[in-house]
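Student: I would like to learn how to read the features of a model like this one. Where do we begin?

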Amino acid sequence: MRYHDIVIVGGGPAGLAAAAAARKAGISDLLILERDNVLGGILNQCIHNGFGLHTFNEELTGPEYAARYIAQVEEEKIPYRLNTIVADITHDRQVTYINREEGLVTIRAGAVILAMGCRERPRGALNTPGYRPAGIYSAGTAQRLMNIEGYLVGREAVILGSGDIGLIMARRMTLEGAKVKAVAEIMPYSGGLKRNIVQCLDDYGIPLKLSHTVVQIHGKDRLTGVTIAEVDADKNPVPGTEEYYSCDTLLLSVGLIPENELSKGAGISLNRVTSGPNVNDRLETEAEGIYACGNVLHVHDLVDFVSQEAALAGENAAEYVKRKKSPEAAAKPARRIPLSAENGVRYTVPQFLEADGMRDTVTVRFRVADVYKDRYISVYYDEKRIMRKKKKVLAPGEMEQVTLTRKSLEEHPQTERITIRTEVE
């Protein structure tokens, strides 16, 4: 059976950044497996700008950002397979894939990096009454049809959900001459970045209807309109608030789900909030030598953070492979400290800390459960608060982070649990 030191599943921004970092860390035997016919992943259809401000200190489009990492992979001559479907990953790092050139192949990996990204939640998950007429698309599908295939998906549109892709598509359709009549969001707050609400809706006079949802789809062969209604605190439509919008297109921007079928097949436990793997501070899953990064781990707001996280996964996977090859590689017992999310913090990534092998700093990323104003983000070691920072606004659409240091943990050697929460005082 063929062997590679590190196999990376996914050739999008996470997989490319992980591969580049692993090569820089001294691993020459790498392989990227990508199901599309080009590298770059979802960024290839994100032709708007706003990428790269953190990573490259300049504003790039999605394809430009991807091209920077593709160039690194090409320059380092990191091998990759395109049009390749990974069918299975085992707990002991055997990877089975299939493509037209090689057929069905199983290889062994010293380490595996999961970088499969995420997918959109479909209409079937919404249980919206009506037929299944033409004209209903997920926002990402419409983005691909417009930006890569060159099709205008409709002339009059309503968008359900205010995730970032939906907001960006509201602007994109407007710029192509379509009329976007409204964006309906079932939550009392937007799921997208504040800058996208301003630049994609406010700047074009597109109304954002919070606490509203589509309650009826009209049309049999082609969509002719939708009925939108206000919802109460339990997300139930309020009778008498129904409003009809004529339209030929409905875009769904109702959430993203990490692509973790392969992770489940490998026996990796998934977090009930993020739907991604539970990982330690090295981004290693509970399957030894299998790492996860990017949107397959948790859905990010900025691709720059995906790249930072993926680079860390690549470095740690490289370190793991080199350690396993060393004759002195006896594993020493690690002190594991769980991280908890409380009082408005929905989850943390990582979910636990390997205190004995911790780096000098560890970045913990998380999202909050609601819109909060004038709150503190506090970090507790057991019952002792060791850090807090004031935030004017916290919103679910924007990822937050805190940095833990090895020095502070060494000053509290008896710590058994780390808790991150929001506080009013």
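Predicted model: local features only at pLDDT ≥ 70, side-chain atom pairs only at ≥ 80, totals over all residues.

Tutor: We begin with a definition: helices (H or I, at least four residues) and strands (E, at least two) are DSSP runs, numbered from the N terminus. Residues are numbered from 1 along each chain as its sequence is written, and side-chain values use heavy atoms, with hydrogens and water left out.

Student: Is Asn-127 buried or exposed?

Tutor: The classes are buried (under 20% relative accessible area), exposed (over 50%) and partly exposed in between, with a 1.4 Å probe and protein chains only. Asn-127 has a relative accessible area of 69%, so it counts as exposed. Its C-alpha lies 9.3 Å from that of Val-215, a residue 88 places away in sequence.

Student: How many helices and strands does the chain have, and what are its overall dimensions?

Tutor: The chain has 8 helices and 26 strands. The C-alpha trace spans about 70 × 60 × 40 Å along its principal axes. For the radius of gyration, taken over C-alpha atoms, the globule rule is 2.2 Å times the number of residues to the power 0.38. A compact globule of 425 residues would come out near 22 Å, and the chain has 23 Å, which agrees. Buried residues account for 52% of the 425.

Student: What share of the contacts joins residues at least 24 apart in sequence?

Tutor: Contact means heavy atoms within 4.5 Å. Among contacts between residues at least 6 apart in sequence, the share joining residues at least 24 apart is 63%.

Student: Which residues touch the most other members of the largest nonpolar core?

Tutor: In soluble globular proteins, nonpolar side chains tend to be buried together. A nonpolar core is here a set of buried Ala, Val, Leu, Ile, Met, Phe, Trp, Tyr and Cys residues joined through side-chain atoms within 4.5 Å. The largest one has 61 residues, and Ile-6, Val-86, Ile-89, Val-95, Val-112, Ile-113 and Leu-114 touch the most other members. Its largest share, 8 residues, is supplied by helix 7 (residues 303–325). Another core, of 20 residues, lies apart from it, with Val-345, Ala-355, Val-379 and Leu-409 among its members.

Student: What is Val-112 in contact with?

Tutor: Leaving aside neighbours within four places in sequence, the contacts of Val-112 are Val-7, Val-9, Ile-89, Arg-93, Val-95, Gly-289, Ile-290 and Tyr-291.

Student: Where is Leu-31, and what surrounds it?

Tutor: Leu-31 belongs to strand 2 (residues 30–33) and is buried, at 1% relative accessibility. Beyond its neighbours within four places in sequence, Leu-31 is in contact with residues including Arg-2, His-4, Ile-6, Pro-79, Arg-81 and Ile-107. Leu-31 and Arg-81 are separated by 50 residues in sequence and by 7.7 Å in space, C-alpha to C-alpha.

Student: Is Ile-159 buried or exposed?

Tutor: Ile-159, in strand 11 (residues 156–160), is buried, with a relative accessible area of 0%. Ile-159 and Leu-251 are 92 residues apart in sequence and 4.7 Å apart in space, C-alpha to C-alpha. Apart from neighbours within four places, the contacts of Ile-159 include Gly-166, Met-169, Ala-170 and Leu-251.

Student: How do helix 3 and helix 4 pack?

Tutor: Two packed helices are described by the angle between their axes and the distance between the axes. Axes are lines fitted to C-alpha atoms, for helices over the stretch in contact, and angles run from 0 to 180 degrees between N-to-C directions. Helix 3 (residues 139–149) and helix 4 (residues 164–175) pack at about 35°, with axes 9 Å apart. Among the contact residues are Ala-142 and Met-146 of helix 3 and Ile-165 and Met-169 of helix 4.

Student: Which backbone features deserve a look?

Tutor: Val-349 and Pro-350 are joined by a cis peptide bond, with omega about 10°; Pro-350 is in the loop between strand 20 (336–342) and strand 21 (352–354). Ser-275, not a glycine, has a positive phi near 65° and is partly exposed, at 30% relative accessible area. Asp-382 likewise has a positive phi, about 55°, and lies in the loop between strand 23 (372–381) and strand 24 (384–394).
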